There are 2 protein chains.
Amino acid sequence: MGNKKKAVTIHDLAEELNVSPSTVSRALNDHSSIGKQTKNAVRKLAEARGYRPNAIASSLRTNRSNTFGIMAPWINRPFISSLISGAEEAARESGNRVIISQSYDNRELEKENLQVLYDSRISALIVSLAMETTDYSHFGLFAKNGIPVVFVDRFPARNDIHKVHINNFSAAFEATEHLIGQGCRRIAHIGGGRHQGIYEDRWSGYIAALKKNNLLVDESLILQATSLSAEEGMRLTEQLLDNAHPPDGIFCANDTTGVSAIRCAKSRGIKIPEELAIIGFNDDPICEIIDPPLSSVHHPAIEMGKAAVRQALAILQGNLETESESSVTLDTYVVARASSDRKMDSALTAGIVTLEEENVPDNSSAGKKKK
Amino acid sequence: MGNKKKAVTIHDLAEELNVSPSTVSRALNDHSSIGKQTKNAVRKLAEARGYRPNAIASSLRTNRSNTFGIMAPWINRPFISSLISGAEEAARESGNRVIISQSYDNRELEKENLQVLYDSRISALIVSLAMETTDYSHFGLFAKNGIPVVFVDRFPARNDIHKVHINNFSAAFEATEHLIGQGCRRIAHIGGGRHQGIYEDRWSGYIAALKKNNLLVDESLILQATSLSAEEGMRLTEQLLDNAHPPDGIFCANDTTGVSAIRCAKSRGIKIPEELAIIGFNDDPICEIIDPPLSSVHHPAIEMGKAAVRQALAILQGNLETESESSVTLDTYVVARASSDRKMDSALTAGIVTLEEENVPDNSSAGKKKK
DNA sequence: AGACACCTCACAATCGATTGCGCCATTATT
DNA sequence: AATAATGGCGCAATCGATTGTGAGGTGTCT
């Protein structure tokens, strides 16, 4: 079959029905000024000829691409891929498409790929920043052209942005207090680079919990990772356990390093959670696979993706002040598993302790940044 | 700032330079018929005004959207998200964008979302079929309009398609022979629905390995899962272990069920791999997390994504007969870990045994379907 | 019957970039 | 010196859908 024949257009339908293309267009869009018989005839023929609207032509004319762009560091990480999954679903349900792009945590690539997304005239952009990024000038392209940008997870330390996030401070605070509640008194922290706000907040939530409970803040127990990789987690845990006064609890800024901490401790014959309690962050699938199962802070990835799309839609519909900030804060909760739960009979199914957050509703909300 | 101002177009640049839009267009595209001075002037002004081409307008005129569509069951599974990651990279490097869509393993949703992708006039489609899908008529839309479709992983049982895949038969054959090499004599199989070719091939590879080694094919040790979920894996493993003559090895069609098999066996006090050797499929990250680490068949997810894009590009450039079949087969290998390696000192770092496949090159190849 | 109001639909411009064709002005050719 | 051969650029159509404006026909009301 020579199948390079061109796709059916409204002109084809118009010609066959002896009406004008505008009538076909209006009939298909159920415009009020078209008669019922004409509408039916047009629809019937469209169906018969397998007509499908050309979204490109429509976008050009209406200046609305109905396409969201997503820029993330890596799309094959559990947290991000789930976020994208949620965003895709919310976008589809609202008649939008999703273009993806990854920065590999590299600012240059982030910048280049943002240009491409802009060239596609995306309706809105959803971004999780590259680890490297501390200069946000490359987002000016979108701001200057009135294209909404919604940050998720990793966002700039500024007030005039839209974002969907969790309260990293209180999440970290609760994770740390969870360890304290288990009897830990020397709690270490393996954190991420503090130039990224989320890691700074997790660090300060940890500090705040220690202080509130009158525990010593020992700088030698606070380590800063650059990539939060498995290898780094292993190395940093070694360092902690080599400490003259080793910790009895570790709060890790992600699950990858949390798993490394468990493995490292196990290899030294340290009993978990009796001698060392460990909690991670994200609630990745590996938490349930590792032995003992890793406690973690549940990070609502899919919901974040959906919320980001909903927020972008709200901005586009003018329901939100485009000019000002707006932020949606989603709930997190500590998932206590055997790696930290000293009261739990680990032979039983892992129980789930949900610590409510004092925060914000589910769907949307406008919050003020602290300070 | 009232920032709803319209984006800069070639008309704006043309007016400012007192040349025609066509000259601007040709200058930016380095057309030979434009003078050097004019080119420089145009480029300089474009830079200064922050001009960025409108990809939508360009697509409409040239009839090339430079966009690939990806349809997958779930984008937040390790294998798929890695595949997408590879596809995104290869697409970007060739100047293309990527639109994603998920079917949630539901044929109806798959069909609806394929329409949306078609409406976007994607240049080519990359698909991993929904588990449910056995009727492929909804792909006719693309075939009729000359849009290349490349199947990855799960593909239709037909000859006239393009696909990127692994040799599931030989991969399963090798996985099974690996267990046999470890001394297993009663090997069970937890497989997927055989209406999906890949699971049928894994099953037949397993059977072939048993027969070649003169082992009994016991139907009571061959179970067919519908979702290959963790719960299902648990249930089916229970069933195997309750067998009057329980197996001494299990070959699972994915890692999720492989992990379940390990857990189930451990909960019964069965020694792994001494009493029961287990191997999964995919080489997901969880394989290295579970204790003991799960042996698996390495599935080159990122490479499959890249290969799919490359194949689509080749078709678009006419380097491949669009009319006929074409398939790229990628290499797999068995990753032996402690869950099956009876010779390995499990106290040491997990060794990696690579069994070479007798198959095909890396980049591309045209293979003939068997039968 | 005349005037007005609808109801239906066609015309033509438009979105921004691309491209075949042709025009004008140099420069080369004989 | 007249003509041919370029080089450099503009004109206008085009891609497919949308939409403001207005035209033709029918019906209603007084």
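What follows is a chat about this predicted model.

Q: What share of the contacts in chain A is between residues 24 or more positions apart?
A: They make up 72%, counting contacts with a separation of 6 or more.

Q: On to the interface. How many residues of chain B are in contact with chain A?
A: 51 residues of chain B, and they meet 51 residues of chain A. Arg52(B), Ile56(B) and Ile289(B) lose the most area on the chain B side, together 14% of what that side buries.

Q: What's the area buried between the two chains?
A: About 4,800 Å² between chain B and chain A, with 53% of it from carbon and sulfur atoms.

Q: How many salt bridges does the rule find across that interface?
A: Two. In a salt bridge between the chains, the side chain of Asp119(B) meets that of Arg52(A), at 2.8 Å from N to O.

Q: And how many residue pairs are in polar contact there?
A: 24 between chain B and chain A, with both residues at pLDDT 80 or more.

Q: Which elements of chain B each supply at least two residues to that side?
A: Those are α4 (55-62), α5 (78-93), β2 (97-102), α6 (107-119), α7 (140-144), α11 (255-267) and α12 (286-289). The largest share, seven residues, comes from α5(B).

Q: Where do Asp30(A) and Arg43(A) sit?
A: Asp30(A) is in the loop between α2 (21-28) and α3 (36-49) of chain A, and Arg43(A) is in helix α3, 13 residues apart. Lys39(A) joins in too, linked with Asp30(A) and Arg43(A) in a network of salt bridges.

Q: Which residue does Arg268(A) form a salt bridge with?
A: Asp242(A), with the closest N and O atoms 2.9 Å apart. Arg268(A) is in the loop between α11 (255-267) and β9 (277-279) of chain A, while Asp242(A) is in the loop between α10 (230-241) and β8 (249-252), 26 residues apart.

Q: How accessible are Arg268(A) and Asp242(A)?
A: Arg268(A) is partly exposed at 35%, whereas Asp242(A) is exposed at 53%.

Q: Back to chain B. What are the details on Arg186(B) and Asp218(B)?
A: They form a salt bridge, with the closest N and O atoms 3.1 Å apart. Arg186(B) lies in the loop between α8 (168-181) and β6 (187-191) of chain B, and Asp218(B) in the loop between α9 (197-212) and β7 (222-224), 32 residues apart. Arg186(B) is partly exposed, with a relative accessible area of 22%.

Q: New topic: Thr133(A). Buried or exposed?
A: Buried, at 0% relative accessibility. Thr133(A) is in the loop between β3 (124-127) and α7 (140-144) of chain A.

Q: What does Thr133(A) touch?
A: Leaving out residues up to four places away in sequence, Thr133(A) touches Arg107(A), Glu110(A), His138(A) and Gln196(A). Its side chain makes a polar contact with the side chain of Glu110(A), at 2.7 Å.

Q: Last one. Where does Ala308(B) lie?
A: In helix α13 of chain B, which covers residues 301-316. Ala308(B) is buried, with a relative accessible area of 0%.

Q: And which residues does Ala308(B) touch?
A: Ile126(B), Val150(B), Val152(B) and Val164(B), not counting residues up to four places away in sequence.

Technical notes
Residues numbered from 1 in each chain as written. Chains lettered and ligands numbered in written order. Predicted model: local features only at pLDDT ≥ 70, side-chain atom pairs only at ≥ 80, totals over all residues. Heavy atoms only, no water. Helix = DSSP H or I, 4+ residues; strand = E, 2+ residues; numbered from the N terminus. Buried < 20%, exposed > 50% of the residue type's maximum accessible area, 1.4 Å probe, protein only. Contact = heavy atoms within 4.5 Å. Buried area = accessible area lost by both parts, 1.4 Å probe. Salt bridge = Lys/Arg side-chain N within 4 Å of Asp/Glu carboxyl O. Polar contact = N/O pair within 3.5 Å; in protein donor to acceptor, adjacent residues only side chain to side chain.
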